[in-house]
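Me: I would like to go through this model by question and answer. Please begin with the terms.

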Amino acid sequence: MAATADDDDRLARLEEGQDALVRGVAQMNETLATHTAMLERILLAAAEEAPGGGDLAEALRDMATALAAQEAALARLDARLGALPGQIAEAVGAAS
């Protein structure tokens, strides 16, 4: 059975979605690198900070907030990546 314009369109959308997911993973890697650098700075500051300094607690709260946001983004990405094989299989099956 020959592929139709609808099949081509569906496959194009899936490819666009896959490309977006790949870009998202790359951005997550950049975010992880940023978080690693932040953690390193926090640990260095904690090692040098005089007793009773309050800046460390605020920095840790900010980092926890950033990590929670990243966790939510990774969960969304995981859900999209998990659905992708089924979507591809469905598109290929429909094109056959």
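Reply: The expected span of a helix is 1.5 Å times one less than its number of residues. Helices (H or I, at least four residues) are DSSP runs, numbered from the N terminus. This is a predicted model, where local features need pLDDT of at least 70, side-chain atom pairs count only at pLDDT 80 or more, and totals for chains, interfaces and linings use all residues. Residues are numbered from 1 along each chain as its sequence is written, and side-chain values use heavy atoms, with hydrogens and water left out.

Me: How far apart are the end C-alpha atoms of H1?

Reply: H1 has 44 residues, and at 1.5 Å a residue these should span 64 Å. The separation of its end C-alpha atoms agrees with that: 64 Å.

Me: Is histidine 35 buried or exposed?

Reply: Histidine 35 lies in helix H1. Buried means under 20% relative accessible area, exposed over 50%, and partly exposed in between (1.4 Å probe, protein chains only). Because its relative accessibility is 9%, histidine 35 counts as buried.

Me: Which helix do the buried residues of H1 pack against?

Reply: The buried residues of H1 include Leu14, Leu21, Met28 and His35. Contact means heavy atoms within 4.5 Å. Leaving aside neighbours within four places in sequence, histidine 35 is in contact with Met63, Ala66, Leu67 and Gln70. The helix that the buried residues of H1 pack against is H2 (55-95).

Me: What is the relative accessible area of arginine 10?

Reply: Arginine 10 is also found in helix H1 (residues 5-48). Not counting residues up to four places away in sequence, arginine 10 touches Glu90, Ala91 and Ala94. Arginine 10 is partly exposed, because its relative accessible area is 29%.

Note on methods: Helices (H or I, at least four residues) and strands (E, at least two) are DSSP runs, numbered from the N terminus.
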